[in-house]
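Please keep the sequence and the 3D view side by side as you read.

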Amino acid sequence: MKAMLTIEDLHVSVDGQPILKGLNLTVAAGEIHAIMGPNGSGKSTLAQVLAGKEDYEITSGRVTYRDQNLLDMLPEERARAGLFLAFQYPVEIPGVNNAYLLKAAVNAKRAARGEPLVDAFEFMQLVKERMAQVEISQEFLHRSVNEGFSGGEKKRNEILQMLMLEPELAVLDETDSGLDVDALRIVAGGVNSLRHPDRSMIVVTHYQRLLELIVPDRVHVLANGQIVKSGDKELARELDERGYDWVRTELAATPT
Amino acid sequence: MAFNGLYKDLPGSSAVDAQRKDAFERFMRAGLPTRRDEDWRYTEISALGEIDFRHAVAPPATAKQAAHHDPLPIRAGSKLTFVNGRYAPESSTINQSHRMLVHPLETNWTKLSDGFPGHERVFAHPLGLVNTAFTQLGAVISIPKNSHVDTPILLEFLQLSDDTLAVQPRLIIELAANSSAEVIVQHAGQSSATNWTNMVTEIHQSAGSKLTFIHVQEQGLAATHTCLTTAALKRDAHFSGGYFDLGGKLARNDIEIALDEHGASAELFGAFLPIQSQHADNHIKIDHRAPNTTSNEYFRGIAGPKSRGVFNGKVIVHKHAQKISAQQRSDNLLLDKTAEIDTKPELEIYADDVKCSHGATVGELDEQHLFYLQSRGINELAARALLTFAFANSSLDFIKDEALRTALSEKIAKRLPQHEKWERLT
Ligand SMILES: Nc1ncnc2c1ncn2[C@@H]1O[C@H](COP(=O)(O)OP(=O)(O)OP(=O)(O)O)[C@@H](O)[C@H]1O
Ligand SMILES: [Mg+2]
């Protein structure tokens, strides 16, 4: 199967402190991968490095996204090439209207692909439809990006952006945290609506209940900067029951 | 002074003439302020004294005027247009219902038979002295008791001449008890001449009156713009003042508000954008002279290469002014290493039961915001431009009139570097 994303022996430090220590991961086109792992293990670091955040020092390794060297690309180039990160903590941007951002994002991608820019009418139609899908009321269009949004509203807003941009590779960093049951169902519905043989997703989560709704093809455990265990959706269930200690003990017992 | 010859054959009443004479003599003794004056430390205007100014010249043909400036697309009830230092009745419209309220000075000096009502402060202020001595255009706006003027009154001052003009408009706004009005003053000009506009607005608000006053300054890049607003508020009166300094080589804004009686309140907000080797200085003084008075200031400054901004906000709480609240925010953005903004809150408090807060920042764009926009495909330059615009734009949140807010927002956008980069996408 065609690879969407290949990460090879990725080492990343922050302020001289190694966080990712030889991470390997391959995601094929059409697949959904879940990444689980203890707090502080490096999941968000991985997500941010994929999106192109500068604060991280990549000390070695390669990341290939659809045959391109991802690490050579600017954050905006990655986005236009179809990569999308739903942030664990979406920032509030006072004064930048949500509608502006959505339209600018859609148009940036279209312009980069030589497609005609979306006009006001087409944009409103699209955005109304997508907002209905994630059950966000239209007044949010005229509010500043994430400003004063509740935790759950911020997460749904990330999903709205994802639905507008229709990325080829979406990385969702704990988009389920802090969501009530209904919002969880809405978010999962949004994600599932994008499932497509040419599209892949990496879902970072602490909770098995999300993976009941977004059924992953693969589940990985990230601990101490590496993928230490991979399996199918059953692994998530097992982690839910037995916790990470079980993985650690198992690893300790395995001779390296 | 090179321009003292302008002090002759000026219009007025005998009381005005007496005030002019006094102001002129005091101005001749004191001269223009220099940087040795504490209030003028950052802003040098004394060189204006060397320039051989004229009061006014004939306006260009009307058609040309329209082509020369960017009007505010608002549904003004009345519009007074002044071109090159003269009232232009042919370009002005006074709404039928405003006939008794809006009086261009040119034909109404009789309204000042007792002289300029003035505040001590106008006569104590160097800019006020100059204006009082030389003014020969402007308007008196008087709103009677219990009247609510529901369409804005717009005054536009256009400098469309290449002559070196010193234009000294005087605006007097009087609101009788429980009246309300909105006044917008726009200064525009494409001229590359070194003209100087020195405006004085005196505001007298009786009990329970409400005034919205918006100042939009977008003069040419060789112009000097100075203006002094003084306002005195009686019981429960409310003043809302927005100040947007976008143009001019040098802009200096002095705003002095006296909250004279119980319950009076003022909010002052605005943005100053010295971007293209410009200089913008705001000096605000709010006197809380009575209990239960409230003030709120919210200003945003953005400075570009070789440009400088100044924000000086002084709040004085007098001895018997208990239970007052005074808030001040001054947030500033530097776009370049050669940009500078000096912001200084000053509090003098002589009462003991007060709520005062102030915050001032000078900084750069937030990297997290930038990354978020980039991660949505917006390139760095466009993202920076959009965030810069957003920063300035939040000063418009106080404006309720949507058409005005949109118009100002567009004017702000156009002043900022690289705005076309994000506008293209939205
Ligand atoms: N900018 C930074 N400066 C200093 N340390 C950092 C920075 N970013 C991440 N770290 C550290 O790197 C480690 C990994 O953080 P990361 O956010 O990737 O964890 P995570 O797996 O996403 O955790 P969680 O499940 O709590 O979200 C943590 O110890 C964190 O403190
Ligand atoms: Mg995390």
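## The magnesium site

A:Gln88 is buried, at 15% relative accessibility. Buried means under 20% relative accessible area, exposed means over 50%, and partly exposed lies in between (1.4 Å probe, protein chains only). A:Ser44, at 22%, is partly exposed.

Which atoms coordinate the magnesium ion (ligand 2)? They are OG of A:Ser44 and OE1 of A:Gln88, at 2.0 to 2.1 Å. A:Ser44 sits in helix H1 (residues 43–51) of chain A, and A:Gln88 in the loop between strands E6 (83–86) and E7 (93–97) of chain A, so the pair ties together parts 44 residues apart in sequence. Donors are N, O and S atoms within 2.8 Å of the metal (3.2 Å for Na, K and Ca); water is not among the atoms, so sites may look incomplete.

## How the model was read

This is a predicted model: local features need pLDDT of at least 70, side-chain atom pairs count only at pLDDT 80 or more, and totals for chains, interfaces and linings use all residues. Residues are numbered from 1 along each chain as its sequence is written, chains are lettered from A and ligands numbered from 1 in the order written, and side-chain values use heavy atoms, without hydrogens and water.

## Chain A and helix H5

Chain A has 9 helices and 12 strands. These are DSSP runs, numbered from the N terminus: helices are H or I with at least four residues, strands E with at least two. Of its 256 residues, 55% count as buried. The C-alpha trace of chain A spans about 60 × 40 × 35 Å along its principal axes.

Helix H5 (residues 151–165) of chain A has 15 residues. Of these, 13 are buried, so H5(A) is largely enclosed by the rest of the structure. Just after H5(A), A:Glu166 takes a positive phi of about 45 degrees.

## The largest pocket

A pocket is found on a 1 Å grid over the protein atoms alone: it is an open set of points where a 1.4 Å probe fits, with protein on both sides within 12 Å along at least five of seven lines. Lining residues have an atom within 4 Å of a point.

The largest pocket is lined by 44 residues. Nearest its centre lie A:Gly95, A:Val96, A:Asn97, B:Phe389 and B:Asn393. Helix H7 (residues 402–415) of chain B gives the largest share of this lining, 6 residues.

How values were computed
Expected span 1.5 Å × (residues − 1).
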